[in-house]
Amino acid sequence: MWLIDQLAEQHILAAQEKGELSNLPGEGAPLHLDDDSLVPAELRSGYRMLKNAGFLPPELEMRREAVELNDLLRNLDPEDNRYAEQSKRLALLEMKLQQAGLSTDFLRNGDYADAIKQHFTQDKS
């Protein structure tokens with residue numbers, strides 16, 4: 001067990017002994033835990049603390065930025081001079097995500113969904 005886990009466990013046990021954790025809102029209700037099974041065990045506590053503080057791990061921050069850029073590019077005219085610049089940024093982010101071992105398929109799913117939607121709207125006509 002890592003030091004931070006041991007310290008957290010000590011504080012929880014001390015609070016339980018003092019009765020500070022009794023009659024809290026949601027007591028007895030099931031917990032909704034995030035699936036962090038893909039995060040290495042030694043990083044889970046740190047990532048959980050970052051998430052609870054409103055921060056994302058660098059890989060997820062890059063993913064969020066890539067999604068935002070992808071949405072921006074969908075709304076920009078390809079003739080716009082900003083389009084080329086943002087496309088380069090997205091390509092760089094995609095490469096960084098792939099080097100970090102993350103899939104970038106999420107950037108393509110919208111294209112597939114749009115194609116399916118278009119296919120079915122054409123069939124109804």
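Colleague: Which residues does Asn 70 touch, not counting residues up to four places away in sequence?

Modeller: Contact means heavy atoms within 4.5 Å. By that rule, Asn 70 touches Leu 90 and Leu 107, leaving out residues up to four places away in sequence. Keep in mind that this is a predicted model, where local features need pLDDT of at least 70, side-chain atom pairs count only at pLDDT 80 or more, and totals for chains, interfaces and linings use all residues. Residues are numbered from 1 along each chain as its sequence is written, and side-chain values use heavy atoms, with hydrogens and water left out.

Colleague: Is Asn 70 buried or exposed?

Modeller: Buried means under 20% relative accessible area, exposed over 50%, partly exposed in between (1.4 Å probe, protein chains only). Asn 70 counts as buried because its relative accessibility is 14%.

Colleague: And how do I read pockets?

Modeller: Rolling a probe the size of a water molecule over the atoms shows where empty space is left. On a 1 Å grid over the protein atoms alone, a pocket is an open set of points where a 1.4 Å probe fits, with protein on both sides within 12 Å along at least five of seven lines; lining residues have an atom within 4 Å of a point. Here the largest pocket holds about 740 Å³, a volume being the space filled by probe spheres set on the points, which are joined across faces, edges and corners. It has 25 lining residues, and Asp 35, Asp 36, Val 39, Tyr 47 and Leu 60 are the closest to its centre.

Colleague: What about the second largest pocket?

Modeller: Its volume is about 190 Å³. Ten residues line that pocket, with Ile 4, Asp 5, Ala 8, Ser 45 and Arg 48 nearest its centre.
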